[in-house]
Amino acid sequence: MADLMEAVTSLAKRRGIAFQSSEIYGGLRSSWDYGPLGVELRRNVRNAWWRSMVQLRDDVVGLEAAIIMSPRVWEASGHVAGFSDPLVECLSCNQRHRQDHLEGDPPACPNCGGTEFTESKPFNLMFQTNMGPVQTDESVAYLRPETAQGMFVDFPLVQSVSRKKLPFGVAQIGKSFRNEITPGNFFFRTREFEQMEMEYFVKPGTDEDWFSYWCDQRMQWYVDLGIRKEKLRLRPHEPDELAHYAKAASDVEYEFPFGWGELEGIANRTDFDLRAHQEASGEDLTYFDQEHDERYLPYVVEPAGGVDRTLLAVLVDAYRQQEVPTAKGDTEKRTLLALHNDLAPIKVAVLPLSRNETLAPEARAVFDLVKPHWMCDYDDAGSIGRRYRRQDEVGTPFCITVDFDSMQDRQITVRDRDSMQQERLPIDGVVAYLAERL
Ligand code: GAP
């Protein structure tokens, strides 16, 4: 395929999965709005993560912390002093770049090819704002650059209300903000994004085993979502890449058309954060281990992924162009999103064969039958072939066709997206049939 990234971007924009934010004002660079199908896809990604990380486990509980936390949190965590990327300016065109993202030997400006830059300066990625009506140094606040700190500062509260014993985790899904120097690659790197993070609190000394456990678990999650195994890899960080809080880290990466990109980082954060907050707040954040009759600060293993990057990998991985046979005996092209059923934004489309006024109520009745169970679409516009193609390109696993015979024999036709096989079924059995497959 000529340019997979371009094809996916164009499909996503055309079908309203994601489009440029504030488009009527010329658009805001690297800021995306998710449309009707994007909303469903994102919800399905979040649900798949929550199901695997919280619902199916008895050792992880949830949290939704505030986006704006006390600025003291970010001082203690080290973000105010150290959460920065190296910024350089091209001496020829004055464009600014992240030094560690420049390519070539010598490194060249991606805008003009220039090879001379200003000296690199650390650029803090946190978005700063002011709380309340007076703008002073005392009213400075930050939009959180990671959800993780909510889990650290609420650790004793969550532990006592949930009565969990180590090892246990606290999970959160929510927006984070970073003033990225070079956002781009559609919604791979943006300034506002959604994270899915879990802090797993463990007894010191067991952290390395738990780190490798979570690396395996998290890699498998992407495979279970239907992403091709050969497009995924787990890459351990070099010592000079490690974040200021980590003793070890590995990234789950996907091979995008623009190269390998991080979907998720798994880090051994040791007791860095709890210790820093304990010192800065003066509060006791230790855990009392009843079994060993001792108090200590737990170590933390953190799997931290992103809704947006998972969605981008899922779309790129599921995109196919195929030559398929038509009813006339020739072939035609179809675009297909071979999405995992759990992720498909629409699970079932109900398609009356025509807009005939006696057929429409029958088709509506079938739509009413299935829509309480799954996200469904009702589409009666255009030829049936075109409507199948429209559903294929957004990954709808099943289409139900209601035709004139349906009114007599009380049967409908169900078409499978991948095989394109059609099966005639009694209307009464359609919910059970779909429930078995979805
Ligand atoms: N709490 C650890 C942490 O935030 P991170 O590796 O900086 O670690 C975790 O971020 C995940 O959040 C990334 O793997 C990615 O999926 C997502 N993410 C981070 N920055 C992002 C950005 N600018 N745009 C989109 N997603 C981003």
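**Group meeting: a walk through a predicted model**

Let me start in a loop, the one between strand 5 (96-98) and strand 6 (121-124), where we find Pro106.

Pro167 sits in the loop between helix 6 (155-162) and strand 9 (168-177). Here the peptide bond from Leu166 to Pro167 is cis, and omega is near -5°.

Now let's step back for the overall view. The protein chain has 13 helices and 23 strands. Along the principal axes, its C-alpha atoms fill a box of roughly 75 × 65 × 50 Å. Of the 438 residues in the chain, 48% are buried. As for contacts, take those between residues at least 6 apart in sequence: 64% of them join residues at least 24 apart.

Phe186 is in the loop between strand 9 and strand 10 (192-202). Its phi is near 55°, which is positive even though the residue is not glycine. Is Phe186 buried or exposed? It counts as buried because its relative accessible area is 8%, under the 20% cut-off.

The other one is Asp293, in the loop between strand 14 (287-289) and strand 15 (294-296). Asp293 also isn't a glycine, and it has a positive phi of about 50°. With a relative accessible area of 59%, though, Asp293 is exposed, since the cut-off for that is over 50%.

On to helix packing. Two packed helices are described by the angle between their axes and the distance between the axes. So, what are those values for helix 2 and helix 7? Helix 2 (residues 36-55) and helix 7 (residues 207-224) pack at an angle of about 145°, and their axes are 11 Å apart. The crossing of helix 2 past helix 7 is right-handed. If you want to follow the contact on screen, helix 2 brings Val45, Ala48, Trp49, Ser52 and Met53, while helix 7 brings Trp214, Arg218 and Trp221. Sorted by class, that contact has six nonpolar residues, one polar and one charged.

Glu302 belongs to strand 16 (residues 299-306). Why does Glu302 count as buried? Because its relative accessibility is 2%, and anything under 20% qualifies. The Glu302 side chain makes a polar contact with the side chain of Arg269, at 2.8 Å. Leaving aside residues up to four places away in sequence, Glu302 touches, among others, Glu146, Glu197, Glu199, Tyr245 and Arg269. Ala148, Met198, Gly265, Ile266 and Ala267 are also among the residues it touches.

Let me finish with helix 9, which covers residues 307-318. Helix 9 has twelve residues and reaches 16 Å from its first C-alpha to its last, close to the 16 Å expected at 1.5 Å a residue.

Conventions:
Residues are numbered from 1 along each chain as its sequence is written. This is a predicted model: local features need pLDDT of at least 70, side-chain atom pairs count only at pLDDT 80 or more; totals for chains, interfaces and linings use all residues. Side-chain values use heavy atoms; hydrogens and water are left out. Helices (H or I, at least four residues) and strands (E, at least two) are DSSP runs, numbered from the N terminus. The expected span of a helix is 1.5 Å times one less than its number of residues. Axes are lines fitted to C-alpha atoms, for helices over the stretch in contact, and angles run from 0 to 180 degrees between N-to-C directions. A crossing is left-handed if the near helix is turned anticlockwise from the far one by less than a right angle, and right-handed if clockwise. Contact means heavy atoms within 4.5 Å. Ala, Val, Leu, Ile, Met, Phe, Trp, Tyr, Cys and Pro count as nonpolar, Asp, Glu, Lys and Arg as charged, and the others, Gly among them, as polar. Buried means under 20% relative accessible area, exposed over 50%, partly exposed in between (1.4 Å probe, protein chains only). A polar contact is a pair of N or O atoms within 3.5 Å; within protein, one must be able to donate a hydrogen and the other to accept it, and residues adjacent in sequence count only if both atoms are side-chain atoms.
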